[in-house]
Amino acid sequence: MAVSLDGYSAGHDQSLEHPFGPLAGERLHTWMFEHGDAHKTEVDAIVGAGAYIMGRNMFSPGRGEWDLDWTGWWGDNPPYHGPVFVLTHHARDPIPMEGGTTFHFVTGGIESALEQARAAAGDRDISITGGATTLNEYLAAGHVDELRLHVVPFTLGSGTRVFDGVPPIEFSSTSVRHTPEVTHVTLRR
């Protein structure tokens with residue numbers, strides 16, 4: 001999860017034009033999109049799971065009933081190349097995409113999404129790709145074994161923050177790697 005120095009993964013006023021809010025812009029992910037070669041190990045780790053879970057806001061700018069023409073932010077070939085379980089309050093048929101990604105829409109909550117992701121992943125990892133609200137729900141429920149934060153050197157001041165509403169958790173640091181664009185921190189429970 002890419003976060004600002006003050007722990008925000010998105011600013012306010014997210015929209016189609018500003019998926020992370022106008023203040024954040026693309027700055028949270030510049031390290032990945034403009035400097036991807038220098039961060040190949042971290043990018044590979046993000047997309048190396050057997051199944052993925054994300055919140056509705058990570059999939060779509062819409063709230064409420066679905067725009068059935070919308071198939072995600074990533075174009076025809078999303079980077080996941082596996083099953084992605086999208087938490088939502090609005091049912092929708094699965095969307096198969098190029099490269100092996102299929103978006104499945106889960107209305108039964110975080111436990112249902114986790115159960116489906118476990119079945120799909122087999123013995124491979126499950127990655128909770130975001131946003132912060134979804135990650136926080138899984139952290140609070142005790143379902144996160146490893147947390148990878150990509151801390152970008154600027155502050156947002158407000159927005160959606162990692163760890164909001166999460167009880168105290170003890171982590172140990174397993175790795176830290178610093179570059180001019182970002183500091184990658186991996187933590188284990």
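Trainee: Why is the contact between lysine 40 and aspartate 44 called a salt bridge?

Mentor: In this predicted model, the closest N and O atoms of lysine 40 and aspartate 44 are 2.8 Å apart, and because a salt bridge requires a Lys or Arg side-chain nitrogen within 4 Å of an Asp or Glu carboxyl oxygen, the pair qualifies. Both residues belong to helix H2 (residues 40-46), where being four residues apart separates them by about one helical turn.

Trainee: What makes aspartate 44 buried, partly exposed or exposed?

Mentor: Its relative accessible area is 39%, and since buried means under 20% and exposed means over 50%, aspartate 44 is partly exposed.

Trainee: How do you know which class glutamate 42 falls into, buried or exposed?

Mentor: The relative accessibility of glutamate 42 is 12%, and because the buried class lies under 20%, glutamate 42 counts as buried. Its side chain meets that of arginine 177 in a salt bridge, at 2.8 Å from N to O. Glutamate 42 lies in helix H2 and arginine 177 in strand E10 (residues 172-178), so this pair ties together parts that are 135 residues apart in sequence. Arginine 177, with a relative accessible area of 33%, is partly exposed.

Notes:
Residues numbered from 1 in each chain as written. Predicted model: local features only at pLDDT ≥ 70, side-chain atom pairs only at ≥ 80, totals over all residues. Heavy atoms only, no water. Helix = DSSP H or I, 4+ residues; strand = E, 2+ residues; numbered from the N terminus. Buried < 20%, exposed > 50% of the residue type's maximum accessible area, 1.4 Å probe, protein only.
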